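Here are my notes for you to read with the structure open beside them. Please take the points in order and find each residue or element in the view as you go.

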Amino acid sequence: MKTWTSENERSGQVLLEFALSSGLLLLTLVGSGWVLRAQWQRTRCAVLTFERTHAAAHERIPAWTGSIRFRLDSSDDEMRGEGQCDSIQEKVRIPRLR
Amino acid sequence: MRFHSRKSPDSQTPVNPLTEERGSLSLAGALLTGTVAVLGFGLVGLIAHWHRLARDQLEIDRCVSTTARELRTWASSAESDDRRMKALRLALAPSTLLPPVRASLQAALQAVYLHQEYILVRYRATQARWMIRRGCDGKSSDLPVPIRFLPVRRDPPDATGPQALTWNRASIFIQLSRKSRPPARSFPKAQTRRPLPMMKPPLLKNSSAPAHSASDPATGPFAGKRLTPFPPSRRQPGRCHESRAGQVFLEVCLWSALIACAACSLGWLSAHEHERYRTTVREFQNLRAGSEEGFSLSRPLPGWADSPRAEPAPEH
């Protein structure tokens with residue numbers, strides 16, 4: 001009877017430590033993924049917004065296309081592009097070189 | 001009950017469970033850390049690549065803008081001279097002018113004509129420099145398209161003096177392309193590695209016998225004796241399991257800290273590169289062609305960087 005209790009206690013401890021280890025590892029991986037993904041989104045948004053605005057300012061086809069919400073405002077002096085990727089907003093202003 | 005020692009069923013050779021689990025955990029931790037590192041460094045490299053492209057774009061845009069401004073200056077100057085020549089020729093038209101006045105007007109007309117020719121020579125010099133310097137920086141990766149001369153024609157001089165220029169309705173484009181090339185690589189001399197010294201497996205201590213260097217379990221000093229991973233003073237029920245789980249947890253903590261450090265460092269590095277990219281993009285706002293005429297651009301050549309084309313010549 002004493003042996004059975006001792007084994008159960010040990011199993012519980014092992015399980016607890018396994019759960020803690022798994023949770024910690026999962027949390028770390030999710031956090032790392034979130035950091036890298038956020039940077040990727042920021043950069044992607046900036047690059048796509050700039051490329052589209054620059055292409056529009058110079059009347060050519062953009063080198064890269066991606067699925068972002070993009071709005072273009074043109075005036076005589078400059079071209080203003082505004083890209084929206086999830087919660088990230090990117091604004092680019094490129095003069096028309098006039 | 002003994003939890004501290006495990007033996008394979010078919011032999012008496014003891015197996016250390018700690019060593020086995022550490023190895024698998026280390027492998028998994030190294031794989032995860034490696035994955036995070038590869039993803040992070042890939043992201044940083046990609047941002048750096050985009051930043052390099054934006055900087056190249058800025059350079060060729062600035063080069064085209066500067067050259068267009070210079071050519072526009074010459075074209076505007078030639079146009080002003082043209083207006084002066086036409087005015088002087090109109091002034092010389094009446095036949096009732098006094099000879100000294102006529103002579104001075106003809107001298108002024110000749111001077112304006114010479115100035116205009118000088119301007120056209122400067123324009124040709126800019127054209128030649130554009131091709132010789134391959135744009136602005138003389139980089140071998142740059143491909144400048146030759147600039148056309150001003151769309152002008154001058155008729156032969158008549159009795160009044162040199163004729164003004166006749167401007168045709170045409171456009172002049174300035175186009176510069178840059179091919180993206182992989183960086184040059186040098187392969188350093190291969191280093192001779194010394195093989196690492198062999199790691200000896202930890203010897204399991206005998207509870208009663210002194211330590212021996214012999215390793216044969218059948219004939220060695222441990223033959224016929226029970227081998228345990230811990231000294232007898234630590235042999236308590238459950239001690240080995242607790243210690244193993246605790247060590248696994250500790251290792252998981254260490255690997256997690258390593259992964260978190262790697263992710264944060266690479267995240268910071270990519271944020272730094274991102275800021276550099278945005279700074280370069282903001283510099284595009286400072287570009288000016290310096291003329292009322294607009295730029296006219298075409299599609300870039302396949303495989304080449306963007307190639308803006310400027311139109312410096314005024315249309316008539």
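1. In what order do the 3 strands of the open sheet in chain A lie, and is their pairing parallel or antiparallel? The order is β1-β2-β3, and the pairing is antiparallel. Please keep in mind throughout that this is a predicted model.

2. The edges of this sheet are formed by β1 (69–74) and β3 (88–95) of chain A, each of which pairs on one side only. If direction is ignored, neighbouring strands in the sheet are turned against each other by 15° on average. For background, the strands of a sheet pair through backbone hydrogen bonds, in either a parallel or an antiparallel way.

3. Looking at one pair of strands in detail, β2 of chain A, which covers residues 78–85, is joined to β3(A) by 8 bridges in the antiparallel sense. One position to look up is A:Gln84, whose bridge partner in β3(A) is A:Gln89.

4. The loop between β2 and β3 of chain A contains A:Asp86, a residue that has a positive phi of about 55° although it is not a glycine. Is A:Asp86 buried or exposed? It counts as exposed, because there are 11 C-beta neighbours inside 10 Å and the cut-off for an exposed residue is 12 or fewer.

5. Chain A as a whole has 1 helix and 3 strands, and its elements follow one another as α-β-β-β from the N terminus on. Of its 98 residues, 31% are buried. When contacts in chain A between residues at least 6 apart in sequence are considered, 36% of them join residues at least 24 apart.

6. On confidence, chain A has an average pLDDT of 81, and 86% of its residues score at least 70. Among the elements of this chain, the lowest mean pLDDT, 83, belongs to helix α1 (residues 2–57), while the highest, 87, belongs to β2(A).

7. Turning to chain B, its strand β1(B) runs antiparallel to β4, which covers residues 174–178 of that chain, and 4 bridges join the two. In β4(B), B:Pro144 has B:Leu176 as its bridge partner.

8. Chain B also has a residue with a positive phi that is not a glycine, namely B:Arg134, where the angle is about 50°. This residue lies in the loop between α2 (99–132) and β1 (142–145) of chain B. B:Arg134 is partly exposed, because 17 other C-beta atoms lie within 10 Å, a count that falls between the limits of 12 or fewer for exposed and 20 or more for buried.

9. Which residues have the most contacts inside the largest nonpolar core? They are A:Phe50, B:Trp50, B:Ala54, B:Ala263, B:Tyr277 and B:Val281, in a core of 27 residues. Two or more residues of this core come from each of α1 and β3 of chain A and from each of α1 (17–92) and α3 (239–282) of chain B.

Key: Residues are numbered from 1 along each chain as its sequence is written. Chains are lettered from A and ligands numbered from 1 in the order in which they are written. This is a predicted model: local features need pLDDT of at least 70, side-chain atom pairs count only at pLDDT 80 or more; totals for chains, interfaces and linings use all residues. Two strands pair if DSSP finds at least two bridges between them. Axes are lines fitted to C-alpha atoms, for helices over the stretch in contact, and angles run from 0 to 180 degrees between N-to-C directions. Two residues are in contact if their C-beta atoms, placed from the backbone, lie within 7 Å. pLDDT is the predictor's confidence in each residue, from 0 to 100. A nonpolar core is a set of buried Ala, Val, Leu, Ile, Met, Phe, Trp, Tyr and Cys residues joined through C-beta atoms within 7 Å.
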